[in-house]
Amino acid sequence: MPKPKHHIIVCTNTRPPGHPKPSCGAQGSPQLLMAFNMKLMEAGIMPGEVLVTGSTCLGPCEQGPTVVIYPDGTWYTQVKEADVATIINEHIKGGKPAESLKPNSVWGG
Ligand code: FES
């Protein structure tokens with residue numbers, strides 16, 4: 001398998017009802033992960049060229065859903081399904097973080 005150009009990691013962590021911290025999973029991140037897979041296919045990006053992986057908690061739960069993209073280590077917070085196309089077009093295809101989504105540089109971007 002060739003080395004992927006990008007790895008998109010989507011926090012899909014969930015917490016039990018009543019837990020004091022919010023979770024990305026409760027804020028729609030499983031649907032977000034599916035949207036990344038669908039939009040990548042629609043964009044003609046071959047499986048393996050870009051990996052999409054769900055993860056446990058990435059840290060900034062209060063700002064979720066959280067997405068991080070490697071190899072550049074750009075973090076996106078409060079990601080909505082409507083943002084997926086922007087991230088794919090500007091970051092994955094265009095090669096630069098999507099400025100309109102204000103990637104969170106504090107977390108390494
Ligand atoms: S639950 Fe997603 S960052 Fe913590």
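Predicted model: local features only at pLDDT ≥ 70, side-chain atom pairs only at ≥ 80, totals over all residues.
User: Is Gly48 buried or exposed?

Analyst: Count the other C-beta atoms within 10 Å of Gly48: there are 11. A residue with 12 or fewer is classed as exposed. So Gly48 is exposed.

User: Which residues does Gly48 touch, leaving out those up to four places away in sequence?

Analyst: Contact here means C-beta atoms within 7 Å. With residues up to four places away left out, the partners of Gly48 are Met1, Pro2 and Pro4.

User: How far apart in space are Gly48 and Lys96?

Analyst: In sequence, 48 residues separate Gly48 and Lys96. In space, C-alpha to C-alpha, the separation is 20 Å.

User: Which residues of helix α2 are buried, and what arc do they cover around the axis?

Analyst: Helix α2 spans residues 84–93. Its buried residues are Val84, Ile87, Ile88, His91 and Ile92. They sit on the same side of α2, because the arc they cover is only 110 degrees. An α-helix has 3.6 residues a turn, so residues three or four places apart point the same way.

User: What covers the buried residues of α2?

Analyst: The cover includes one helix, α1. Strands contribute too. Among the covering elements are α1, β1 (6–11), β2, β3 (67–70) and β4 (74–76).

User: Which residue with a positive phi follows α2?

Analyst: The phi in question is near 85 degrees. The residue that follows α2 with this value is Gly95.

User: What is the strand order of the sheet, and which are its edge strands?

Analyst: The sheet is open, has four strands and shows mixed pairing. Its order is β2-β1-β3-β4. Two strands pair on one side only, which makes the edge strands β2 and β4.

User: In which sense do β1 and β2 pair, and which residue in β2 is the bridge partner of Cys11?

Analyst: β1 and β2 are joined by six bridges, in the parallel sense. For Cys11, the bridge partner in β2 is Ser55.

User: What pattern do the helices and strands follow along the sequence?

Analyst: The protein has two helices and four strands. Read along the sequence, the pattern is β-α-β-β-β-α.

User: What radius of gyration does the protein have, against that of a compact globule?

Analyst: A compact globule of 109 residues would come out near 13 Å. The protein agrees with that, so the value is 13 Å.

Key
Residues numbered from 1 in each chain as written. Buried ≥ 20, exposed ≤ 12 C-beta atoms within 10 Å, placed from the backbone. Contact = placed C-beta atoms within 7 Å. Arc of directions from axis to C-beta. Rg over C-alpha atoms; globule rule 2.2 N^0.38 Å.
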